[in-house]
Amino acid sequence: MNSALKPVWGILVILVAVIGFQAATKFFAPKEIIPWRTDFDAASAEARASGKPLFAYFTAEWCGPCQGLKRTTWADKSVNAALANYVPVKVDVDRYQSLAARYQTTGIPRFIIMDADGTVKKASEPEAMEPERLLAWLKS
């Protein structure tokens, strides 16, 4: 092998290893299983019809902790079962800025339990919660 190409092959091997690791991590990571609604008004109407409260999750694509929840809390079967008692709605704070402002969402991720009419019953501090902590928060 030409000694001038050795550094190129080394870089190529490292690049393939990194890309392969990232792909494998994404492929084998648990997937989000919560049946999120993304239309707040439709979710409110569903809550009124079902008699269930809303579980509003304020998030954004750029929020690192929010993205981490997809592989942890939102992939947890116990959390999914607990949220069956609610109408879960995911609110993108960039897309729905007025809704985020109405609920004083100054930090994300944030969780708010509310009636179908929008009356807040319980609100979290802006933080990501592991499954056990979210389940305890829901029960408190």
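Helices (H or I, at least four residues) and strands (E, at least two) are taken here as DSSP runs and are numbered from the N terminus. The structure is a predicted model, in which local features need pLDDT of at least 70 and side-chain atom pairs count only at pLDDT 80 or more, while totals for chains, interfaces and linings use all residues. Residues are numbered from 1 along each chain as its sequence is written, and side-chain values use heavy atoms, with hydrogens and water left out.

## Overall composition

The protein contains six helices and four strands, and from the N terminus on its elements follow the sequence α-α-β-α-α-β-α-β-β-α. Of its 140 residues, 37% count as buried; buried means under 20% relative accessible area, exposed over 50%, and partly exposed in between (1.4 Å probe, protein chains only). The protein exposes about 8,500 Å², of which carbon and sulfur atoms supply 60%. Accessible areas come from the Shrake-Rupley method with a 1.4 Å probe, and for residues only the protein chains shown count as cover. Contact means heavy atoms within 4.5 Å. Among contacts between residues at least 6 apart in sequence, 69% join residues at least 24 apart.

## The sheet

The four strands form an open sheet in the order S2-S1-S3-S4, with mixed pairing. Strand S2 (87-92) and strand S4 (120-123) stand at the edges, each with a single partner strand, so one side of each has no neighbour in the sheet. Neighbouring strands are turned by 25 degrees against each other on average, direction ignored. Two strands are said to pair if DSSP finds at least two bridges between them. The pairings are listed below.

| Strand pair | Sense | Bridges |
|---|---|---|
| S1 and S2 | parallel | six bridges |
| S1 and S3 | antiparallel | five bridges |
| S3 and S4 | antiparallel | three bridges |

Strand S1 comprises residues 54-59, and six of its six residues are buried. Leu54, Ala56 and Phe58 lie on one side of S1, and Phe55, Tyr57 and Thr59 on the other. Towards S2, alanine 56 stands opposite valine 89 and phenylalanine 58 opposite valine 91. Towards S3, the bridge partner of alanine 56 is isoleucine 112, and that of phenylalanine 55 is isoleucine 113. Isoleucine 112 in turn has alanine 123 of S4 as a bridge partner.

In S3, five of the five residues are buried. Arg110, Ile112 and Met114 point one way from this strand, and Phe111 and Ile113 the other way. The hairpin of S3 and S4 has five residues between the strands, and glycine 118 takes a positive phi near 95 degrees there.

## Helices against the sheet

The angles in this section run from 0 to 180 degrees between N-to-C directions, with axes fitted as lines to C-alpha atoms, for helices over the stretch in contact. The parallel pairing of S1 and S2 over six bridges belongs to a sheet on which helix H2 (residues 40-50) packs, touching S1, S2 and strand S3 (110-114). The direction of H2 makes about 165 degrees with that of S2. Helix H6 (residues 131-139) also packs on the sheet, where it touches S1, S3 and S4, and its direction makes about 30 degrees with that of S3.

Which residues of H2 are buried? They are Phe40, Ala43, Ser44 and Ala47. Seen down the axis of H2, these buried residues fall within an arc of 100 degrees, so they line one face of the helix; the arc is that of the directions from the helix axis to the C-beta atoms. Their cover includes S1, S2, helix H5 (97-102) and S3. On the other side of H2, Asp41, Arg48 and Ala49 are exposed.

At the start of H2, a side-chain oxygen of aspartate 39 reaches to within 3.0 Å of the backbone nitrogen of aspartate 41. Glycine 51, which follows H2, has a positive phi near 80 degrees.

## The loop between H5 and S3

Most residues other than glycine have a negative phi, and most peptide bonds are trans. Glutamine 104 has a positive phi near 50 degrees and lies in the loop between H5 and S3. Glutamine 104 is exposed, with a relative accessible area of 62%. Proline 109 is placed in the loop between H5 and S3 as well. The peptide bond from isoleucine 108 to proline 109 is cis, with omega near 0 degrees.

Terms used:
Polar contact = N/O pair within 3.5 Å; in protein donor to acceptor, adjacent residues only side chain to side chain.
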